[in-house]
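User: I have a chain open on my screen and would like to go through it with you. Could you start with whatever terms I need?

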Amino acid sequence: MNQRTPTLLYIDDDGALARLVDRGLTRRGFRVVHAASGEEGLEHIRRAAALNSTEGGIDVVALDQYMPGLDGLETLEQIMAIPDAPPVVFVTASQDSSIAVTALKAGAADYLVKDVQGDFIPLLHVAAEGALRQAELQRAREEAEAEIHASRDRYAALAAERELLLREVNHRVGNSLQIIASLLHLQASSAAQDEVKAALTNAMGRVAAVAQVHRRLYTSQDLKSVVLNQYLDSLLEDLRRSAEGNRMSRLTLKAEPIEIDPDRAVAVGIIVNELVMNAVKYAYPDGAGPIHVELISQGDDLLLSITDDGVGDNAKADPRSTGMGQRIVAAMATKLDATVERDPTHSGTRIVLKFGRMPASVGKTSTAATG
């Protein structure tokens with residue numbers, strides 16, 4: 001593929017020197033256009049910019065300092081104000097280094113001293129080639145930065161859309177689960193047999209525990225985590241409302257504002273539901289009593305305890321018990337990679353779970369102890 005011959009605009013009022021530049025640079029692969037003044041040179045550049053065409057455009061400018069009308073520095077200032085202006089090599093016969101510094105600060109790509117014999121032309125060729133390469137690198141950098149910004153904008157738009165969809169999904173799932181929990185509550189209220197009523201109430205609590213997570217995610221700023229103290233507070237409020245009579249009136253919570261991922265929050269909620277309901281059924285045979293849920297951090301681990309001051313080990317085994325709650329707690333403890341232990345020093349029943357803030361790479365052996 002043939003490359004276009006680069007065009008150099010040589011702005012200098014010395015016509016004889018311009019012809020030397022034309023011959024010298026033409027042999028080196030450039031097309032040279034001559035402008036005898038700063039005004040004429042600016043007109044060439046503006047016309048080329050207006051055409052916005054690669055053919056016949058100005059690729060690089062060689063600009064003399066001393067000219068009638070606009071001098072080189074004044075012309076350079078106006079060139080730099082033109083959008084997508086070509087790079088400029090400042091050329092002058094002056095040995096004054098302050099001119100070079102001023103030109104470079106004003107935006108010139110390079111600077112060199114000329115002579116009337118044209119011996120500077122090879123240096124001008126090198127400077128023009130360097131200015132072209134520098135301009136090409138700058139364009140490539142700007143295009144890359146523009147693409148990066150565009151990619152970031154696209155990613156931000158996709159992320160916002162994904163977050164909106166996730167919120168909508170959590171909203172709908174939470175609503176659907178709440179409807180299921182309400183239906184279970186209605187069914188439990190109308191059940192004639194105590195065993196059926198208890199089974200439906202337990203099922204309702206499990207569904208509500210999952211629904212609460214989705215409601216939390218729908219209203220949270222962070223879809224990747226659940227604040228456990230807020231979640232457990234809402235969950236226990238659900239349990240109070242759904243409890244048998246007023247037996248939940250003394251259910252309390254003390255929890256730190258700890259964040260974990262939604263899947264593990266579901267497991268925590270289901271465990272709390274099972275152990276609280278277990279305490280409601282068995283801890284106080286003669287009526288209601290205090291049941292306390294506590295969540296604290298201990299280094300990299302979390303400690304979750306459910307405590308009652310009831311009959312403890314003296315509780316009579318319920319022949320209707322299926323052991324479903326115990327199996328559910330064991331399964332959720334495995335999901336959390338948690339240990340589950342009964343506190344032998346507590347007079348009633350105190351179940352303590354210990355698990356990491358983040359999922360562990362190697363699981364621990366879990367044991368469940370529920371009534």
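Analyst: Helices (H or I, at least four residues) and strands (E, at least two) are DSSP runs, numbered from the N terminus, and the expected span of a helix is 1.5 Å times one less than its number of residues. This is a predicted model, in which local features need pLDDT of at least 70 and side-chain atom pairs count only at pLDDT 80 or more, while totals for chains, interfaces and linings use all residues. Residues are numbered from 1 along each chain as its sequence is written, and side-chain values use heavy atoms, with hydrogens and water left out.

User: OK, how far does α9 reach from its first C-alpha to its last?

Analyst: Helix α9, residues 324–336, has 13 residues and reaches 18 Å, close to the 18 Å expected at 1.5 Å a residue.

User: And which of the residues of α9 are buried?

Analyst: They are Ile328, Val329, Met332, Ala333 and Leu336, where buried means under 20% relative accessible area, exposed over 50% and partly exposed in between, with a 1.4 Å probe and protein chains only. Seen down the axis of α9, these buried residues fall within an arc of 135°, so they line one face of the helix; the arc is that of the directions from the helix axis to the C-beta atoms.

User: What follows α9?

Analyst: Asp337 does, and its phi is positive, near 55°.

User: Switching to the sheet, what is the order of the five strands?

Analyst: The order in this open sheet is β2-β1-β3-β4-β5, with parallel pairing; two strands pair if DSSP finds at least two bridges between them. The edge strands are β2 (31–35) and β5 (110–113), each of which pairs on one side only.

User: How many bridges join β3 to β4?

Analyst: Four bridges join β3 (residues 60–64) to β4 (residues 88–92), and the two strands run parallel. Within this region, Ala62 stands opposite Val89 in β4.

User: What does UniProt place at Asp64?

Analyst: An unreviewed UniProt entry places the feature "modified residue: 4-aspartylphosphate" there, although UniProt annotations may be inferred rather than shown by experiment, with feature names shortened and positions given in the numbering used here.

User: Is Asp64 buried or exposed, and what does Asp64 touch?

Analyst: Asp64, which is found in strand β3, is buried, with a relative accessible area of 4%. Not counting residues up to four places away in sequence, Asp64 touches Ile11, Asp12, Asp13, Gly72, Val91, Thr92 and Lys114, contact meaning heavy atoms within 4.5 Å.
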